Amino acid sequence: KEEEERKEQERRRREEEEEEQRKQKQREAEEALARSKLEAEEAEAARRRKQEEEEQQKRREQEEQRRREEAEEQEREQQRRRRMQEEQEEEEKRRRIKEE
């Protein structure tokens, strides 16, 4: 009878150990899954940040290009007006000389 009790205790102890090991493996698997999910979320956030930075840089470059083109257009317009002014002044001089 004592031998049977000892065997029963040993069997229960083994079952408890196996259950504890199973629970430990389950915990480890859940932690690994949580870590991989977190890593994936962090990678996605980094990718989105990088994309946003690239888009901002592109917008800045486009705005800079637009400003340069506007400035060049204004410069051309000023030169055109100066030429017209000079031509009018020349024309006026010639007319005054003719009249005299």
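Helices (H or I, at least four residues) and strands (E, at least two) are taken here as DSSP runs, numbered from the N terminus. The structure is a predicted model, in which local features need pLDDT of at least 70 and side-chain atom pairs count only at pLDDT 80 or more, while totals for chains, interfaces and linings use all residues. Residues are numbered from 1 along each chain as its sequence is written, and side-chain values use heavy atoms, with hydrogens and water left out.

On these terms Arg83 lies in helix H1, and the secondary structure of the protein chain as a whole comes to one helix and zero strands. The radius of gyration of the protein chain, taken over C-alpha atoms, is 43 Å, well over the 13 Å that the globule rule (2.2 Å times the number of residues to the power 0.38) gives for 100 residues, so the chain is more spread out than a compact globule. The C-alpha trace accordingly spans about 150 × 5 × 5 Å along its principal axes.

Separations between individual residues were also computed along the chain. Glu30, which is found in helix H1, stands eleven residues from Glu19 in sequence and 16 Å from Glu19 in space, C-alpha to C-alpha. Arg83 and Ser36 are 47 residues apart in sequence, and their C-alpha atoms are 70 Å apart in space. For Glu91, likewise found in helix H1, the C-alpha atom is separated by 119 Å from that of Arg11, which is 80 residues away along the chain.

The surface of the protein chain was examined with the Shrake-Rupley method and a 1.4 Å probe, and for residues only the protein chains shown count as cover. The protein chain exposes about 10,200 Å², of which carbon and sulfur atoms supply 45%. Residues are called buried under 20% relative accessible area, exposed over 50%, and partly exposed in between (1.4 Å probe, protein chains only). Buried residues make up 0% of the 100 residues in the protein chain. Glu30, at 45% relative accessibility, counts as partly exposed, and Arg83, with a relative accessible area of 46%, is also partly exposed.

With regard to charge, Lys and Arg count as positive and Asp and Glu as negative, whereas His and the chain ends are not counted; the place of a charge is taken as NZ of Lys, CZ of Arg, CG of Asp or CD of Glu. The protein chain has 33 positive and 40 negative side chains, and the centres of the two sets lie 2 Å apart. A salt bridge is defined as a side-chain nitrogen of Lys or Arg within 4 Å of a carboxyl oxygen of Asp or Glu, and a search of the whole structure finds 26 of them.

One of these salt bridges joins the side chains of Arg14 and Glu10, with an N to O distance of 3.8 Å. Arg14 and Glu10 are four residues apart in helix H1 (residues 2–99), and are therefore separated by about one helical turn. Arg14 is partly exposed, with a relative accessible area of 41%, and Glu10, at 29% relative accessibility, is partly exposed as well.

A further salt bridge brings together the side chains of Arg67 and Glu63, at 3.6 Å from N to O. Both residues lie in helix H1, where Arg67 and Glu63 are four residues apart, about one turn of the helix. The relative accessibility is 48% for Arg67, which counts as partly exposed, and 28% for Glu63, which is likewise partly exposed.

Arg94 forms a salt bridge with Glu91, in which the closest N and O atoms are 2.9 Å apart. Because Arg94 and Glu91 are three residues apart in helix H1, about one helical turn separates them. Arg94 is partly exposed, with a relative accessible area of 47%, and Glu91 is partly exposed at 40%. Elsewhere, salt bridges that share partners join Glu63, Glu64, Arg66, Arg67, Arg68 and Glu70 into one network.
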